[in-house]
Structures are given as C-alpha cells and as structure tokens.
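This report covers selected side-chain interactions in one protein chain. The structure is shown first, and the notes follow.

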Amino acid sequence: MSEPMRSYLDFEKPVAELDSKIDELRALAASGSDIHEEVAKIEEKAVQALNELYATLTPWQKTQVARHPQRPHCVDYIEALITEFTPLAGDRKFGEDEALIGGFGRFRGESICVIGQEKGSSTETRLKHNFGMARPEGYRKAVRLMEMADRFGIPVLSLVDTAGAYPGIGAEERGQAEAIARSTDACLSLGVPNVAVVIGEGGSGGAIAIATANKVLMLEHAIYSVISPEAASSILWRDGTKAQEAANSMKITAQDLLRFGVIDQILSEPKGGAHRDPAAMIATTGDAIAAAFAELGGLDPSAVRTKRRQKFLEIGRRLG
C-alpha cells in the first residue's frame with residue numbers, strides 16, 4: 001500500500017515547504033541527478049524546524065494536533081494491542097451506537113475489557129461512527145460492558161477520543177445526561193482496576209463517562225476539557241472566532257492537567273505528533289498501559305475502589 005498523503009496543519013507551513021522541496025529533489029535524484037548531499041541537508045533542516053515547532057506549541061496548536069485526521073484512532077490501538085478482540089453491540093434498551101466501541105479480548109495474554117470512542121478516518125467511517133460522539137445507548141453499552149467485566153474480574157481499559165457526547169434532540173430525549181452520569185458512576189463503582197488513555201480529544205462529559213479511572217494517562221499533545229474552545233468562545237464572548245483565545249486560557253493541555261492532578265502520566269509523542277509515527281505511539285501507549293495495570297495488580301475490590309475514590313477527592317482538595 002502507498003503511504004497516505006501527508007496532511008499539514010496551518011502552523012506547520014515551514015515544514016511543509018521543506019518537505020515539498022525534498023520531494024522535488026528526490027524526484028530529480030531518481031532521474032539520475034547526484035544531489036543526495038543537498039537532500040540530506042534539507043532533510044536535516046526539516047527535522048530541526050519540526051522539533052522547534054513542537055517544542056513550543058500553544059494550547060490552540062495542541063488542539064489542532066489532537067484533532068489531526070491522521071492521528072491513530074481507537075480502532076488502531078485495538079488492532080495493534082488487543083488480541084482475540086470480540087466486540088459486543090447494543091445497550092439492550094434502544095440500539096447499537098457505533099461511536100463507542102466495546103468488547104473483550106486479551107492484552108499481553110491477559111483478559112481485558114476495552115471501551116473506546118472511534119471518530120473514523122474516512123468520510124464513510126466518520127459518518128458510521130458519528131465522529132466519535134456517542135448517544136445515550138453508547139454510554140449504556142459501556143455500563144453493560146463494565147458491569148460484565150466487574151462480574152468476571154476483568155480489568156477495564158478506556159480509550160478516550162471525542163469532541164463530546166452527541167447533543168442532538170433524539171439523544172437528549174433518550175436521556176443523554178442520565179446515561180453519562182450512570183456511566184461515570186459505573187466507572188467509580190468498579191471493583192476491578194480501570195485505566196483510561198486520552199489519545200486525542202477528551203471532550204467534556206462524553207470523555208469523563210469512560211475516563212473516571214484508577215489511572216488516567218494522556219498523550220503529550222492530546223487535550224482534555226470541560227468544553228471545546230469553540231463552544232467556550234461562543235459562550236464567553238458570543239463570538240465563535242475566539243476559539244484560539246479560549247484554548248489558551250482553559251488549561252486543557254496534558255502539561256496543565258498533570259500539574260493539577262487531573263491525570264497521572266503524560267505519554268511522549270514522536271517528534272511532530274502521533275500521526276507522524278503511529279506504530280511508535282501505539283507501542284509506547286501499550287507499555288504505559290501494562291505498567292499502569294501492573295501497579296494496580298493484586299489489589300482487592302475494596303482497595304481498588306478506595307484508591308480510585310481518593311484519587312478524585314484529592315483533585316478537589318488540591319484545587320480547592
């Protein structure tokens with residue numbers, strides 16, 4: 001298979017120009033021109049420019065990186081990390097919600113329950129998965145899976161990547177807020193360890209519903225917030241064009257959230273973001289997940305619940 005066409009963000013224009021020049025020179029080299037030394041110099045410049053850009057990203061730029069269409073999604077992590085994965089469908093009340101994927105499989109030989117939001121990577125799959133925005137039946141499916149995992153003593157892994165719960169009329173009529181609350185409560189009630197990883201966007205209650213875990217990990221350029229910068233801009237200034245200003249004020253980056261104690265660990269991304277080397281990012285994430293579960297291993301259900309409860313109470317005490 002050919003590599004997908006590279007997609008550059010607005011602030012990556014200097015890197016895009018250098019990469020374009022490299023492609024042109026490589027085409028000349030393929031036709032017999034001896035310009036390998038010149039190509040190597042420009043490649044070095046491109047790497048340096050990329051490193052400098054990503055060393056000083058603003059919160060708004062991190063928001064753009066977190067939303068990058070080529071960033072690895074939930075299904076990519078499941079395919080690479082989970083063997084014998086068996087997806088389960090439906091909430092046994094209304095229907096199936098493909099924005100939220102859930103099922104059972106094995107992670108490094110051990111049984112695991114996986115719940116994650118999938119945005120989709122093409123027009124067809126984005127529509128199929130509703131851009132990762134779950135409806136009430138998605139969160140009720142998550143509750144069903146968590147209760148099943150708890151019954152059989154299987155740890156739970158959540159992969160968070162959503163702009164938020166779906167705000168449509170039908171979703172509200174079917175009890176969106178109640179479904180999110182019950183899913184959050186199910187996370188807190190688990191007697192088995194649960195680990196959540198914010199792999200892209202962690203949007204509001206839609207994220208918290210599956211991310212209320214013993215350990216919350218977050219990719220370096222992911223974001224996690226109570227509301228999107230665009231929505232905050234519309235509410236605060238009645239002007240949706242001030243999203244950048246909102247993002248810079250909201251403390252939504254992994255670095256801010258680690259300082260506040262909202263998350264437990266930041267996972268370093270490849271230079272230029274997870275989308276530039278998905279395989280390396282997924283491998284790093286797998287190691288971090290294994291370490292998090294190992295730290296929680298051997299705890300009885302009461303201890304698991306107590307540690308989780310203390311973790312979230314401590315956030316309020318620290319910020320209060």
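Asn-214 is placed in the loop that runs between α9 (204–211) and β6 (215–219). The model is a predicted one. With a relative accessible area of 7%, Asn-214 falls under the 20% limit and is therefore buried.

The side chain of Asn-214 makes a polar contact of 2.9 Å with the side chain of Arg-308. Apart from neighbours within four places in sequence, the residues in contact with Asn-214 include Val-192, Pro-193, Asn-194, Asp-264 and Leu-296. Val-304, Lys-307, Arg-308 and Lys-311 are also among them.

## Salt bridges

Side chains of opposite charge can pair when their charged atoms come close. In this model the count of salt bridges is 16.

One of them joins Glu-295 and Lys-215, with 2.9 Å between the closest N and O atoms. Because Glu-295 belongs to helix α13 (residues 278–296) and Lys-215 to strand β6, this pair ties together parts that are 80 residues apart in sequence. Glu-295 is exposed at 52% relative accessibility, whereas Lys-215 is buried at a relative accessible area of 16%.

Lys-128 and Glu-98 form another salt bridge through their side chains, at 3.7 Å from N to O. Lys-128 is in helix α5 (residues 123–128) and Glu-98 is in the loop between β1 (82–87) and β2 (100–107), so parts 30 residues apart in sequence are tied together. Both ends are partly exposed: Lys-128 has 48% relative accessibility and Glu-98 has 34%.

## A salt-bridge network

Arg-67 and Glu-201 are bridged with their closest N and O atoms 3.0 Å apart. This pair links distant parts of the chain, 134 residues apart: Arg-67 is in the loop between α3 (59–66) and α4 (74–81), and Glu-201 is in strand β5 (residues 194–203). Arg-67 is partly exposed at 29% relative accessibility, while Glu-201 is buried at a relative accessible area of 8%.

Arg-67 and Glu-201 also belong to a network of salt bridges that includes Lys-119, Asp-161 and Glu-230.

## Aromatic rings

How many aromatic pairs are there? The count is one. The ring centres of Phe-11 and Tyr-54 are 5.9 Å apart and the planes meet at 55°, so the pair is tilted. Phe-11 lies in the segment before α1 (13–30) and Tyr-54 in helix α2 (residues 36–55), 43 residues apart. Phe-11 and Tyr-54 are both buried.

Charged groups also sit over rings. The charged end of Arg-174 is over the ring of Phe-94, 4.2 Å from its centre. Arg-259 lies over the face of Phe-260, at 5.2 Å from the ring centre.

Terms used
Residues numbered from 1 in each chain as written. Predicted model: local features only at pLDDT ≥ 70, side-chain atom pairs only at ≥ 80, totals over all residues. Heavy atoms only, no water. Phe/Tyr/Trp six-rings, centres within 6.5 Å; stacked < 30°, edge-to-face > 60°. Helix = DSSP H or I, 4+ residues; strand = E, 2+ residues; numbered from the N terminus. Buried < 20%, exposed > 50% of the residue type's maximum accessible area, 1.4 Å probe, protein only. Lys NZ or Arg CZ within 6 Å of the ring centre and 35° of its normal. Polar contact = N/O pair within 3.5 Å; in protein donor to acceptor, adjacent residues only side chain to side chain. Contact = heavy atoms within 4.5 Å. Salt bridge = Lys/Arg side-chain N within 4 Å of Asp/Glu carboxyl O.
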